[in-house]
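Please look through the sequence and the model together before reading on.

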Amino acid sequence: MTFQPDGEMDAETVQERVDEAIETNDVVLFMKGNQLMPQCGYSANALELIGKHVEEFETVDVLPALDAYREALASHSDWETIPQTFVDGEFVGGSDILTELDERGELEATLTT
């Protein structure tokens with residue numbers, strides 16, 4: 001599933017897309033940009049860390065409706081920053097948490113559980 005920027009997404013549409021992405025993907029990364037062109041260092045770091053351990057995962061570019069995505073994600077994570085990673089419907093964390101898990105050797109188990 002790929003979300004194309006349409007610039008006119010309302011809050012309800014964004015909420016539906018967030019809910020669907022979290023519910024239907026084993027691993028989903030809400031990020032600034034996409035897999036081919038991350039738009040911030042934290043998103044690039046999260047993308048790289050997840051990619052080390054998981055071949056297939058979903059990414060969602062939040063930039064087309066950043067404020068609406070932040071609001072929609074708050075109901076799932078209560079986390080203010082982007083990127084945000086979810087595994088099996090559960091919030092794992094942002095780039096900093098992924099880095100800590102990787103340094104402790106726990107990231108692979110977290111992503112594949």
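The model is predicted, so local features need pLDDT of at least 70 and side-chain atom pairs count only at pLDDT 80 or more, while totals for chains, interfaces and linings use all residues. Residues are numbered from 1 along each chain as its sequence is written, and side-chain values use heavy atoms, with hydrogens and water left out.

**Helix H1**

Helices (H or I, at least four residues) and strands (E, at least two) are DSSP runs, numbered from the N terminus. Helix H1 covers residues 11–24, and at 1.5 Å a residue its 14 residues should span 20 Å, which agrees with end C-alpha atoms that are 20 Å apart; the expected span is 1.5 Å times one less than the number of residues.

Burial is judged by relative accessible area: under 20% is buried, over 50% is exposed, and in between is partly exposed (1.4 Å probe, protein chains only). Val 14, Val 18, Ala 21 and Ile 22 are the buried residues named in H1. Seen down the axis of H1, its buried residues fall within an arc of 95°, so they line one face of the helix; the arc is that of the directions from the helix axis to the C-beta atoms. Glu 12, Glu 23 and Thr 24 are exposed on the other side of H1. The cover over the buried residues of H1 includes strand S1 (27–31), strand S2 (58–61), helix H3 (66–77) and strand S3 (84–87).

**Strand S3 and its partners**

Two strands pair if DSSP finds at least two bridges between them. S1 and S3 run antiparallel and are joined by 4 bridges, with Val 27 opposite Val 87 in S3. S3 also pairs in the antiparallel sense with strand S4 (residues 90–93), over 3 bridges, and here Val 87 stands opposite Glu 90 in S4. The hairpin of S3 and S4 has 2 residues between the strands, and in this hairpin Asp 88 takes a positive phi near 50°.

In a regular strand the side chains alternate between the two faces of the sheet. In S3, Gln 84 and Phe 86 point one way and Thr 85 and Val 87 the other way, and all are buried.

**Aromatic rings**

Rings of Phe, Tyr and Trp (its six-membered ring) pair if their centres lie within 6.5 Å; planes under 30 degrees apart count as stacked, over 60 as edge-to-face and the rest as tilted.

| Pair | Centre to centre | Between planes | Kind |
|---|---|---|---|
| Phe 30 and Phe 86 | 5.7 Å | 85° | edge-to-face |
| Phe 86 and Phe 91 | 5.4 Å | 55° | tilted |

Phe 30 lies in strand S1 and Phe 86 in strand S3, so their pair ties together parts that are 56 residues apart in sequence. Phe 86 is buried at a relative accessible area of 1%, whereas Phe 91 counts as partly exposed at 23%. Phe 30, Trp 79, Phe 86 and Phe 91 form one aromatic cluster.

**Gln 84**

Gln 84, in strand S3, is buried with a relative accessible area of 1%. A polar contact is a pair of N or O atoms within 3.5 Å; within protein, one must be able to donate a hydrogen and the other to accept it, and residues adjacent in sequence count only if both atoms are side-chain atoms. The side chains of Gln 84 and Ser 77 are joined by such a contact of 2.7 Å, and a polar atom of the Gln 84 side chain lies 3.1 Å from the backbone oxygen of Thr 81.

Key
Contact = heavy atoms within 4.5 Å.
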